[in-house]
Amino acid sequence: MPRDKELVELVSPIAFRAATRVIERIEAKSISFDAAFQETMQEFKLSAEEQKISFLLAKRTLENIGPPIYLLRKNNKQDLPLRRKGAFYVAFYLASSSPSFTLDRIRALRGGLVSDSLLNLLTPRNLDRLFNELEEMPITLRLSYKESVPPLIVETFLSRFGEKATPEILKSLRYRQVWVRLNDTERKDWLEDYLKRKGFRFRQDKDYPYLLEILPTQEIPLPSLPPEIATYQDKASIIAVEALVSLRLKGVIVDLAAAPCMKASLLCRKIDHDAILLVDISEKRTRACIEIMKATNCNYQVINSDGRFFSSSKLFSAAVVDAPCTNSGAISRDPGLRLALWSLRREDLSRMKQVQLELLTNALKLVHRGALVLYSTCSLFPEEGEEVISSLKIPIKPLQPFLPPNIERTIHKTCGYCYRLYPHVHRTDGFFFSILSPR
Ligand SMILES: C[S@@+](CC[C@H](N)C(=O)[O-])C[C@H]1O[C@@H](n2cnc3c(N)ncnc32)[C@H](O)[C@@H]1O
């Protein structure tokens, strides 16, 4: 795989265009980096080598997206058409990453996507001036632009970990954590051989032997996995499901935000239960859910419906609400979130919180007294975690599950047994979960 210095030398006009399209797709559709990359590869017919270069170029551009966002805003150019904006971000990365990368080289790559006036913003003198300006900014903005992490996330880290620790934590978000869950333990050798052949190094997790941690040295697209053998799933999700399993659930379970059913499919494999009912509002995602559940031996039913209003004549033994959220916790796994969440505001969090609260309230009504309800979000924000639990109007009892040794309760005072995981501590997504029981 090319190093950054080599990368800038190897970029071709087609790789420049492909990287631009990846970034445009993320901004236009708020989809993940992997989804945007796959869609783009279907559009462009690239050689394996060009694919790798486009992948790394798009990823590096996103990991360094802060300064060009600032530069466009400063010059009142933030409303450029998305494709041109994407191309400017890529050009910025190239111009700022290596002194040998001259504006003439960008001219040879840009194919009409970056105008001369935008290119002139990227002279070495202008870039020096820009980086000096960033140093003078108040701490949240300075860290946000310099480390290319959305301002609301920086604010959250600053208030949780303080000014001294936060800069290093933000830097650590560049390591891409990937975990693979083995679904068929008899095919472990096959999986290990396959990953090695694809150029990956990995190690078995010490807490859950069916989990492999991909070591963060490879920066190439992840290969697809046959779901009956293995699936990508972050360790944070595994910990939440295992926590629920540790409290001995059985009977009929309902999952109110189920798709694509990664947690439900693990739950099915782990416990002896009667059936699992899988509810999700998205038709497309429920189709993905069916594919994943087919690879299990579970008794399941998938329902395309709004979990806030789902009702049933019988009460359930347990419920799962892995709620829709900002997905901010996945920022180290998905570099596209650096761009997609850049303009996130507190009002957006309040709107998310309202949906989350309604889903959890409904789940608590759908289960019998003393049943277990898992609430989780892949989010760094207290608004989507602790504050949802403490805003419940229904009397609840928080439960203490069995957990791996390094997982501590969150510091939030009003949340009973609430747990948080962080990329820089647990090598997982940033994640929140709590298990409750209606009183
Ligand atoms: C974080 S994802 C769930 C992931 C899933 N639990 C898993 O492990 O694969 C959140 C899901 O909530 C769904 N969703 C959003 N609003 C919903 C609602 N009002 N009712 C039901 N599902 C909803 C989304 O379509 C999305 O599939």
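The legends below describe close-up views of a predicted model.

**Figure 1. The three domains of the chain.** The domain assignment gives domain 1 (4–136), domain 2 (178–232) and domain 3 (235–438). Taken over C-alpha atoms, the centres of domain 1 and domain 2 are separated by 31 Å.

**Figure 2. Where domain 1 touches domain 2.** Seven residues of domain 1 contact four residues of domain 2. On the domain 1 side, the elements giving two or more residues are α3 (33–43) and α4 (48–63). Helix α4 gives the most, with five residues. By type, this side of domain 1 divides into three nonpolar residues, one polar and three charged.

**Figure 3. Lys59 in helix α4.** Lys59 is found in helix α4. Is Lys59 buried or exposed? Lys59 has 21 other C-beta atoms within 10 Å, so Lys59 is buried; the cut-off for a buried residue is 20 or more. Leaving out residues up to four places away in sequence, Lys59 touches Phe33, Glu219 and Pro335. Leu109 lies 50 residues from Lys59 along the chain, and the C-alpha atoms of the two are separated by 18 Å.

**Figure 4. The buried side of helix α3.** The buried residues of α3 are Phe33, Ala36, Phe37 and Thr40. They cover an arc of only 100° around the axis, which puts them on the same side of α3. An α-helix has 3.6 residues a turn, so residues three or four places apart point the same way. The cover over the buried residues of α3 includes α2 (13–29), α4 and α16 (336–340).

**Figure 5. The largest nonpolar core.** This core holds 125 residues. Ala319, Val321 and Val373 touch the most other members. Helix α6 (residues 82–97) contributes the largest share, nine residues. In soluble globular proteins, nonpolar side chains tend to be buried together.

**Figure 6. Contacts of Val321.** Neighbours within four places in sequence are left aside here. Val321 is then in contact with Leu256, Ala257, Leu359, Leu360, Ala363, Val373 and Tyr375. Among these contacts, Val373 is also named with Val321 as touching the most other members of the largest nonpolar core.

**Figure 7. The shell around the ligand.** 20 residues surround the ligand. The closest are Ala257, Met262, Ser282, Gly307 and Asp322. Which elements give two or more residues to the shell? They are α14 (262–270) and β6 (275–280). The shell residues divide into eleven nonpolar, three polar and six charged. Ala257, among the closest to the ligand, is also a contact of Val321.

Figure 8. The bond from Ala259 to Pro260 is cis, with omega near 5°. Pro260 has its place in the loop between β5 (252–255) and α14. Helix α14 also gives two or more residues to the shell around the ligand.

**Figure 9. Positive phi at Ser148.** Phi of Ser148 is near 60°, a positive value in a residue other than glycine. Ser148 lies in the loop between α10 (139–147) and α11 (151–172). Ser148 counts as buried because it has 23 C-beta neighbours inside 10 Å.

**Figure 10. Positive phi at Arg427.** Arg427, likewise a residue other than glycine, has a positive phi, near 55°. Arg427 lies in the loop between α19 (423–426) and β12 (431–438). With 19 other C-beta atoms within 10 Å, Arg427 is partly exposed.

Key
Residues are numbered from 1 along each chain as its sequence is written. This is a predicted model: local features need pLDDT of at least 70, side-chain atom pairs count only at pLDDT 80 or more; totals for chains, interfaces and linings use all residues. A residue is near a molecule or strand if its C-beta atom, placed from the backbone, lies within 6 Å of it. Helices (H or I, at least four residues) and strands (E, at least two) are DSSP runs, numbered from the N terminus. Ala, Val, Leu, Ile, Met, Phe, Trp, Tyr, Cys and Pro count as nonpolar, Asp, Glu, Lys and Arg as charged, and the others, Gly among them, as polar. Domain bounds come from an automatic or database domain assignment. Two residues are in contact if their C-beta atoms, placed from the backbone, lie within 7 Å. A nonpolar core is a set of buried Ala, Val, Leu, Ile, Met, Phe, Trp, Tyr and Cys residues joined through C-beta atoms within 7 Å. A residue is buried if 20 or more other C-beta atoms lie within 10 Å of its own, exposed if 12 or fewer, and partly exposed in between; C-beta atoms are placed from the backbone. The arc is that of the directions from the helix axis to the C-beta atoms.
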